[in-house]
Amino acid sequence: MSAKNLDSKGRFRSRTIGFRVSPEEDQLINSAVALSGLTKQDYIVKRLLCRDVVVQGNPRVYKALKNQLAEVLSELQRIENSSVSDELLETIRLINTTLNGMKGES
């Protein structure tokens, strides 16, 4: 039997919660997780419990920002004069929030 995997407060997480999302929602969740620098589990738990997600700048977060910005740029170039989707606007807002937080702004 393997050792118990405890969270940062010494609690054993023995319950599993599952839910279904659309492909678009999955993409938004994965983007937010990548930009947070947290694990998906930690990110979802913090968001569900209405706790602040504090982004700690590290190479993984910077790489996620770079990749997200490249995706946004290619999408904007693709659509040119068409309307921007809500998912793309949400990704841009998330990138902006992350960058402002890393600069120490509110």
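Me: Is Ser 22 buried, partly exposed or exposed?

Reply: Ser 22 has a relative accessible area of 24%, so it is partly exposed. This is a predicted model, so that value is computed from predicted coordinates. Ser 22 sits in the segment before α1.

Me: How far apart are Ser 22 and Ser 8 in sequence and in space?

Reply: Take two separations, one along the chain and one between C-alpha atoms. Ser 22 and Ser 8 are 14 residues apart in sequence and 31 Å apart in space, C-alpha to C-alpha.

Me: And Glu 25 with Glu 87, how far apart are they in sequence and in space?

Reply: Here 62 residues of sequence separate Glu 25 from Glu 87, and the C-alpha to C-alpha distance is 8.5 Å. Glu 25 is in helix α1. With a relative accessible area of 41%, Glu 25 is partly exposed.

Me: Which residues of α1 are buried?

Reply: The cut-off for buried is under 20% relative accessible area. In α1, Ser 31, Ala 32, Val 33, Leu 35 and Ser 36 are buried. Just after α1 comes Gly 37, with a positive phi of about 85°.

Me: How do the axes of α1 and α3 cross?

Reply: Read the approach and the angle together. The axes of α1 (residues 23-36) and α3 (residues 59-79) come within 7 Å and cross at roughly 140°. That makes α1 oblique to α3. An angle counts as roughly antiparallel over 145 degrees.

Me: Which residues meet in that pair of helices?

Reply: On the α1 side they are Gln 27, Ser 31, Ala 34, Leu 35 and Ser 36. On the α3 side they are Val 61, Ala 64, Leu 65, Gln 68 and Glu 71. By class, the contact residues divide into 5 nonpolar, 4 polar and 1 charged. Ser 31, Leu 35 and Ser 36 are also among the buried residues of α1.

Me: What does Thr 91 touch?

Reply: Set aside residues up to four places away in sequence. Thr 91 then touches Leu 28, Gln 68 and Val 72. Thr 91 is in helix α4 (residues 86-103). At 10% relative accessibility, Thr 91 counts as buried.

Me: Now the whole chain. How many helices and strands are there?

Reply: The protein chain has 4 helices and 0 strands. From the N terminus on, the order is α-α-α-α. The radius of gyration is 16 Å, well over the 13 Å that the globule rule gives for 106 residues, so the chain is more spread out than a compact globule. The C-alpha trace spans about 55 × 35 × 25 Å along its principal axes.

Me: What share of the residues is buried, and what share of contacts joins residues at least 24 apart?

Reply: Of the 106 residues, 18% count as buried. Among contacts between residues at least 6 apart in sequence, 49% join residues at least 24 apart.

Terms used:
Residues numbered from 1 in each chain as written. Predicted model: local features only at pLDDT ≥ 70, side-chain atom pairs only at ≥ 80, totals over all residues. Heavy atoms only, no water. Axes fitted to C-alpha atoms, helices over the stretch in contact; angles between N-to-C directions. Helix = DSSP H or I, 4+ residues; strand = E, 2+ residues; numbered from the N terminus. Parallel < 35°, antiparallel > 145°, perpendicular 65-115°, else oblique. Contact = heavy atoms within 4.5 Å. Nonpolar A, V, L, I, M, F, W, Y, C, P; charged D, E, K, R; others polar. Buried < 20%, exposed > 50% of the residue type's maximum accessible area, 1.4 Å probe, protein only. Rg over C-alpha atoms; globule rule 2.2 N^0.38 Å.
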